[in-house]
Amino acid sequence: EDRPASRNLDHKMVSAVHGSLIETDIPCKVYILHINEQLPPAERFVIQDLDETHLLVQPHRLEYVKAEVKAWQQKNQFAPPADLRQT
């Protein structure tokens, strides 16, 4: 049977998702995935884990993610004891 080539293709629906791309280092990405998993499913913000350093997240949750990462970085930043600081 002679069919046009376009009729032989499977017709699949394509869905597009609006998101914000986050590019970060691996430890920070692991932390972001951790805070995402701690939330109830309805509140999770990661749309797609793209690769080692990229995540696609819900745009309306981007500021939340930035604030959480900033707090985590400040908490884990090394500060030498006062007696070791140079004056």
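Predicted model: local features only at pLDDT ≥ 70, side-chain atom pairs only at ≥ 80, totals over all residues.
## An exposed helix residue

Glu63 is exposed, with a relative accessible area of 55%.

Glu63 has a charged partner in Lys66. The two side chains form a salt bridge, with their closest N and O atoms 3.6 Å apart. Both residues lie in helix α3. They are three residues apart, about one turn of the helix. Lys66 is partly exposed, at 47% relative accessible area.

## Three salt bridges

The count of salt bridges comes to three. Glu63 and Lys66 make one of them. Another brings together the side chains of Glu37 and Arg44, at 3.9 Å from N to O. Arg44 counts as partly exposed, with 27% relative accessibility.

Lys29 and Asp49 also form a salt bridge. Their closest N and O atoms are 2.6 Å apart. This pair links distant parts of the chain. Lys29 sits in helix α2, while Asp49 sits in strand β2, which covers residues 46-51. The two are 20 residues apart. Asp49 counts as partly exposed, at 37%.

## Strands around β3

Strand β3 pairs with two other strands. With β1 (residues 20-23), β3 pairs in the antiparallel sense over four bridges. With β2, the pairing is also antiparallel and also runs over four bridges. A hairpin of two residues joins β2 to β3.

Leu55 shows both pairings. Ile22 stands opposite Leu55, and Asp49 stands opposite Leu55 as well.

Which way do the side chains of β3 point? His54 and Leu56 point one way, and Leu55 and Val57 point the other way. All four are buried.

## The nonpolar core

The largest nonpolar core has 13 residues. Those with the most contacts inside it are Ile22, Ile32, Phe45, Leu55, Val57 and Val65. Three elements each supply at least two residues: α2 (26-38), β3 (54-57) and α3 (62-75). Which of them gives the most? Helix α2 does, with four residues.

Setting aside residues up to four places away in sequence, Leu55 touches Ser20, Leu21, Ile22, Lys29, Ile32, Leu33, Val46, Gln48, Asp49 and Leu50. Ile22 and Ile32 are among these contacts, and both are also among the core residues with the most contacts.

Glu23 lies in strand β1. Is Glu23 buried or exposed? Glu23 is exposed, with a relative accessible area of 62%. The cut-off for exposed is over 50%, so Glu23 passes it.

Beyond four places away in sequence, Glu23 touches Thr53 and His54. His54 is one of the buried residues of β3. Glu23 and Leu55 are 32 residues apart in sequence, yet their C-alpha atoms are 6.7 Å apart in space.

Key:
Residues numbered from 1 in each chain as written. Heavy atoms only, no water. Core = buried A, V, L, I, M, F, W, Y, C linked by side-chain atoms within 4.5 Å. Buried < 20%, exposed > 50% of the residue type's maximum accessible area, 1.4 Å probe, protein only. Contact = heavy atoms within 4.5 Å. Salt bridge = Lys/Arg side-chain N within 4 Å of Asp/Glu carboxyl O. Pairing = 2+ DSSP bridges.
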